[in-house]
Amino acid sequence: MKAILIQYEKLEYTDGSILEVKLWLVPKLKDKPHGYKYSLSFIQEGIRVIGYDNAEGKGDHRHIRGKESPYKFKNIERLVRDFLNDVEKIKRGEI
């Protein structure tokens, strides 16, 4: 089975920041046991300040202001909600 794109959203804000969400359905593998591949990013002034992804061989993780940490994937809805919550925290200057 090839990866099947199930969601793609790209929002460009008036301040120049960009929010992009890409989700694919993939075969369940060791590094993607839930059967999803994803890349969610928030960019400000050309720099990714938040990223959630599960790049090949790295498993589920997130990047916040250049620091990488593990991410506990529960489901797609929670993934998107956690990402958007972090975006709001960045916008408010909390992280």
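This short talk goes through the aromatic rings of one predicted model.

The model being predicted, local features need pLDDT of at least 70 and side-chain atom pairs count only at pLDDT 80 or more, while totals for chains, interfaces and linings use all residues. Residues are numbered from 1 along each chain as its sequence is written, and side-chain values use heavy atoms, with hydrogens and water left out.

The structure holds four aromatic pairs, where rings of Phe, Tyr and Trp (its six-membered ring) pair if their centres lie within 6.5 Å, and planes under 30 degrees apart count as stacked, over 60 as edge-to-face and the rest as tilted. One of them joins Y36 and F73, a tilted pair with 6.1 Å from centre to centre and 35° between the planes. This pair links distant parts of the chain, 37 residues apart, since Y36 lies in strand 3 (residues 36-44) and F73 in the loop between strand 6 (67-70) and helix 1 (76-91); helices (H or I, at least four residues) and strands (E, at least two) are DSSP runs, numbered from the N terminus.

Are these two residues buried or exposed? Buried means under 20% relative accessible area, exposed over 50%, and partly exposed in between (1.4 Å probe, protein chains only), so Y36 at 23% counts as partly exposed, whereas F73 at 14% counts as buried.

Another pair, Y52 and Y71, is edge-to-face, at 5.1 Å centre to centre with 65° between the planes. Y52 belongs to strand 4 (residues 47-53), and Y71 to the loop between strand 6 and helix 1. Y52 is buried at 1% relative accessible area, and Y71 is buried at 10%.

Finally, Y36, Y38 and F73 form one aromatic cluster.
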